[in-house]
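Thank you all for coming; today I would like to walk you slowly through one structure, looking at how its parts meet. Please have the picture open while I talk.

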Amino acid sequence: MIEDIMNMLFNGILNGAVLALISLGYSLVYGVGGIMNMAHGAYFMLTGYLLLWGMRIFPGMLFLTVIFVIIIITIIGGLTYILLIKPLQDTHVGVVLITFGLAFLIEQWILIVSGTTSASINDYVLFPGTTEFLGYSMFNQYIFFIIASLVIVSLFALFISKSKLGKSIRAVSQDREAAVLMGINANRVLLYTVMISAFLAAIAASLYLPGAALTGPGMGWTYLTSSFAVIILGGMGSLVGSVVGGYIMGFVTSFTSIFLPNGPSWAHVVPLIVILIVLIIRPRGLFGKKKLR
Amino acid sequence: MGTILEVKNLTKKYGGLTAVNDFSFEIKRGEFIGLIGPNGAGKTTVFNLISGFEKPNSGSIRFDGMNITGLRPYKIVNKGIARTFQLVRSFKFLTLLQNVSVACQSKRGREASKSAGIDAHASSILAAVGLVDKARIPPVVLPHGDLRKLQIGKALGTNPELLLLDEPFSGLTHEEQQTLTDLILKLHDDGLTIFMTGHVLRELMNLVPRVIAMHQGKFIVDGPPKEVANNKIVLEAYLGGGEAFA
Amino acid sequence: MLKNEIEEKVKQFPTYLKSWVKTFLGGLTLFCIISLIALPFLSQNQNFTHVFLRQFTLAMIFSIFAASWDLLTGISGQISFGHAIFFGIAGYICAYLISYQNFPPWIAIFIGAIGAVFFGLIIGIPCLRLRGPYLALGTLAFSLVLLKLFLMGSLSDVLFGSEGISDYRIQISDNPVVEYIIILMFMIVSFITIIQVSKSKFGTILKSIRDDEVSADASGINTTRFKVYAFMLSALFAGIAGACYATYVGAVNPTGNFGATISFYAILMASLGGLTTIRGSALGAFFFIFLEYSLIVAGAEIYVNLIFALILIVVVRFSEHGILKPILERIKDLWDLLLGR
Ligand SMILES: Nc1ncnc2c1ncn2[C@@H]1O[C@H](COP(=O)(O)OP(=O)(O)OP(=O)(O)O)[C@@H](O)[C@H]1O
Ligand SMILES: [Mg+2]
């Protein structure tokens, strides 16, 4: 029982740390540009596979590979904005369709190269080994990841409130036209926002996935819908909401998978059920001010 | 003549900002009346509350004796209140005729078009607002003045008893303003009760016999334009650049 | 109102038909219908009927599916990324009724489609709170819930697990020509209905909600109700397609009938043809199915989805109206030239 509880708490924090990082960027992009990037989950998934391939090509250079992969994903985020999103910004349907197409393209590409089977990237952890705590043993990589996630979230908050770019981002998200009048280049701000979101997803993936597993190219969709659930729960465009929502969702899933009968399979359905409940009871989410539009 | 609209102690808050503050007034059937106030005074919010696009924090709105506070917009339209928007809105991929015919398919619109049929009724409305020769084109190619007329046409399609016009003159050339004024006056002569906003007082001055002024969400004064224009608080509220008579 | 409108349509039908055939689009459509009717009688060859003709049948099934998506997304503006829900539910109901309850296929298809309408209602209502991109993700989430529920081992007693249902009796007819003709009928009826709906007063209201929901509200339209209608109507046709697909394959399973790929196909085919054109969906579906078929014949099956994803990106990025309009314009120029206009 104690074991179960520890397990639930630890996994809850862990899931929360992943979801917070992914949702933060996702929510940011939506809040700033009204852009729903359907390829966001694909960035996460792609990071895992690039890491897998990268390590096969450059064995022994784990740290460099991780950094390299994160950079690539960030660039892919930027290219997504410049080549696909920006030209279609006026039509919501267009952006959704084209980023959906991109996500599908990435998924299919990986499928061709790698097949459907899941792959283990357990060997590519930066911090191997485990640590005992109250008789419960925890994977060092995860401990590192949880701490790193907290640090990144705090740095991010600092960046948004203090830095010049952060201030422009806030300005554009509050009132794009006014921001443009103030001389802010809204397109450039959006470009950076999408890149930051891809960067955050890549960090989450490269620190978390090596301990978990690559469950197949379709996993991108799972993370996309999970982070969608998180931002619905936390409130669209609310950064605090995505972090808190991420952790709540993390605990709910870990609780379900450990304490409910057939838990692990139900755990996948939980985020989706949360979406539905929130939509029906409190459509603006926990921290959202605006109604959904 | 009876009261058509009765607004009592209406209050709407957005976070810390009180956009409409304990606002009350009455409109009699057949009246033509203006609502003025500087930018951000809360005029559009008052309209949003009456037409159901926003729900008040407190206060009540009665139309024709019925309590309509917090009803959904389409229900309010079905009772007989139609509105236009400050920023023109239209169905951009539909023709003008279709734009109006959508409104003719609301509950009251259907009743009004029972004898003539929906399309014929819609085109008679287009004729009334002076757009009948453009019935088959979509609104995207229209000049701004025509879009304002289309707004009114769409509102008329629902066969209203009370028409709310939010800044109908904004962005129009002098000529366009003139034709629109004629149109609005004609509608009023035909018996429609009209309530319209404007932030420039002079536009309204020569048009309406009665004006309500508001500032920072609060009621200031209600009376003939001359009286309102000489009110101290109104003058102060507009002092920022004398835009009241600009 | 609706009744009058329909009565009027029926009364004017003969004259309407005559003038319609004379128009370019009418003539072309009629030509396509006649070709499709004549096609199965071209050859008795086994290879022709059992392979080639069946590709047409498949394309027609997906035409209906894509058109139903276009009705919901293109006409009514409600972006659905979970259209597989309706497709899959109808397929499952149909397969279950035939295989476990010995229903005749006709009735099973009919009940399957009704089941889809019911899902349109249940899904439409919570999704009404969502707009635009949120709706896209909400519907995607919905379809993933269903997919996962159907895949779940612990529910396999009720939902048949990952194996699904498979039975040789799940078919319209074992004669591919008969199957083809029946599906063709379904397609013609579905397309006429969808096109007429989109042209009707009711369709105008749906389009008005798509163009500006606030304005539709202000025009006294109960937008909620009409959006639910749109969901149900679209689900009906998606359901017909899904049930037909189940009989076409002779089996159903979670990924094959509920998978996100299925929703993607609808989106792809309809966008390829051009949103809001309805007819474009058919063009998109035929293009899709035959390109897929050629790729499979060429042994490049695994590239199918990759290529389609690329096509979708290119079409959405560079051609706002899909491929139908540009193609039609070319043909019309030719037509006008021939008629010396
Ligand atoms: N949805 C909203 N959320 C938050 N604040 C709002 C909202 N709508 C209006 N406000 C605020 O309420 C106040 C009143 O706005 P309103 O649009 O009613 O003014 P107005 O008199 O119509 O001004 P204008 O002449 O510019 O049209 C303004 O300060 C505005 O910023
Ligand atoms: Mg205003």
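Before I give any figures, let me say that buried area is the accessible area, found with a 1.4 Å probe, that two parts lose on being put together, summed over both. The size of an interface is often given in this way, as accessible area lost when the parts come together. Please also keep in mind that what you see is a predicted model.

Let us begin with chains A and C, which have the most contacts among the two pairs of chains that touch. Here 42 residues of chain A are in contact with 38 residues of chain C, and the area buried between these two chains is about 3800 Å², with carbon and sulfur atoms giving 84% of it. Across this interface of chain A and chain C, the rule for salt bridges finds zero of them.

The next pair is chain B with chain C, where 25 residues of chain B are in contact with 21 residues of chain C. About 1900 Å² is buried between chain B and chain C, and carbon and sulfur atoms give 61% of that area. On the chain B side, the residues that lose the most area to chain C are B:Tyr74, B:Phe91 and B:Gln105, which together make up 28% of what that side buries. Two salt bridges are found across the interface of chain B and chain C, and B:Arg89 forms a salt bridge with C:Asp212, with the closest N and O atoms 2.7 Å apart.

What about chain A and chain B? These two chains do not touch, and their nearest C-alpha atoms are 9 Å apart.

Now let us look inside chain B, whose domain assignment gives domain 1, covering 1–80 + 161–246, and domain 2, covering 92–157. The contact between them takes 19 residues from domain 1 of chain B and 13 residues from domain 2 of chain B. These two domains bury about 1200 Å² between them, 67% of it on carbon and sulfur atoms, and the rule finds one salt bridge across their interface.

Finally, let us return to chain A and its surface, where A:Phe63, A:Ile67, A:Ile71, A:Ile75, A:Leu79, A:Ile82 and A:Leu83 make a nonpolar patch of about 650 Å². One of these residues, A:Ile67, is found in helix 3 of chain A, residues 62–85.

Note on methods:
Residues numbered from 1 in each chain as written. Chains lettered and ligands numbered in written order. Predicted model: local features only at pLDDT ≥ 70, side-chain atom pairs only at ≥ 80, totals over all residues. Heavy atoms only, no water. Patch = residues over 30% accessible without salt bridge, like charges linked within 9 Å, V, L, I, M, F, W, Y side chains within 5 Å. Areas by Shrake-Rupley, 256 points an atom, 1.4 Å probe, with all protein chains shown as cover. Salt bridge = Lys/Arg side-chain N within 4 Å of Asp/Glu carboxyl O. Helix = DSSP H or I, 4+ residues; strand = E, 2+ residues; numbered from the N terminus. Contact = heavy atoms within 4.5 Å. Domains from an automatic or database assignment.
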